[in-house]
Amino acid sequence: MAPGAPSSSPSPILAMLLFSSLVLSPAQAIVVYTDREVHGAVGSRVTLHCSFWSSEWVSDDISFTWRYQPEGGRDAISIFHYAKGQPYIDEVGTFKERIQWVGDPRWKDGSIVIHNLDYSDNGTFTCDVKNPPDIVGKTSQVTLYVFEKVPTRYGVVLGAVIGGVLGVVLLLLLLFYVVRYCWLRRQAALQRRLSAMEKGKLHKPGKDASKRGRQTPVLYAMLDHSRSTKAVSEKKAKGLGESRKDKK
């Protein structure tokens with residue numbers, strides 16, 4: 001290369017900027033959520049929940065697609081599709097008259113309800129969401145189990161037991177703190193009353209104390225009267241004794 005000729009290779013700073021833009025700004029894929037499994041009884045209905053997260057605002061072109069793969073089967077068939085604000089139920093298969101759309105794209109909800117369940121409905125349901133321009137992401141699957149009578153799951157029973165025990169414990173703790181608060185308040189009131197009595201500042205005596213206060217002057221008056229009567233009688237007796245001595 002001749003001296004002074006311009007370089008055709010990019011500068012190191014430009015190369016670093018291009019590399020960082022590729023590494024630090026990856027495309028964020030859409031994420032779909034469903035239950036892991038749901039249970040239903042024959043003849044009843046069940047809700048298949050589907051929600052999603054997307055880095056984009058909810059588009060007017062958002063779409064939801066539900067597919068069904070029978071238990072033991074290999075191929076999945078489309079049973080429901082939502083696009084352009086309208087639900088479309090596929091006219092093929094056993095679900096054509098039993099599917100109800102209950103989702104709301106504004107709340108990122110693509111749930112459906114299956115009515116009149118049958119044993120043949122056992123299988124895997126897949127929810128797929130597209131929110132243009134966010135259209136890349138994985139689907140989510142939920143497995144449906146249909147029983148004659150829906151069994152009570154161990155987790156539900158265990159959760160109910162644990163919840164009951166925690167409720168009793170919280171109630172006992174609340175009762176303990178209420179009793180303790182009342183006892184401390186009563187002790188504080190007694191302490192203040194004793195302190196006031198010691199300082200002579202008890203302004204509200206009880207009924208007995210007031211009675212004793214009213215009775216005290218009366219007792220003192222009776223005592224003074226008895227003392228004065230005794231003194232008078234002793235004086236009279238002393239005068240009689242002196243007069244007898246004078247006569248002798």
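In which loop is Pro-133 found? Select the loop between strand 10 (123-130) and strand 11 (137-138): Pro-133 is there. Strands here are DSSP runs of E with at least two residues, and helices are runs of H or I with at least four, both numbered from the N terminus.

Before moving on, some ground rules. This is a predicted model, where local features need pLDDT of at least 70, side-chain atom pairs count only at pLDDT 80 or more, and totals for chains, interfaces and linings use all residues. Residues are numbered from 1 along each chain as its sequence is written, and side-chain values use heavy atoms, with hydrogens and water left out.

**Stop one: the peptide bond.** The bond from Pro-132 to Pro-133 is cis, with omega near 5 degrees. Most peptide bonds are trans, and most residues other than glycine have a negative phi.

**Stop two: Lys-108.** Go to the loop between strand 8 (99-101) and strand 9 (112-114). Lys-108 is not a glycine, yet its phi is positive, about 55 degrees. Its relative accessible area is 25%, so Lys-108 counts as partly exposed (between buried, under 20%, and exposed, over 50%; 1.4 Å probe, protein chains only).

**Stop three: Asn-116.** Select the loop between strand 9 and strand 10. Asn-116, also not a glycine, has a positive phi of about 50 degrees.

**Last stop: the whole protein.** Zoom out. The protein has 3 helices and 12 strands. Of its 248 residues, 20% count as buried. Take contacts (heavy atoms within 4.5 Å) between residues at least 6 apart in sequence: 57% join residues at least 24 apart.
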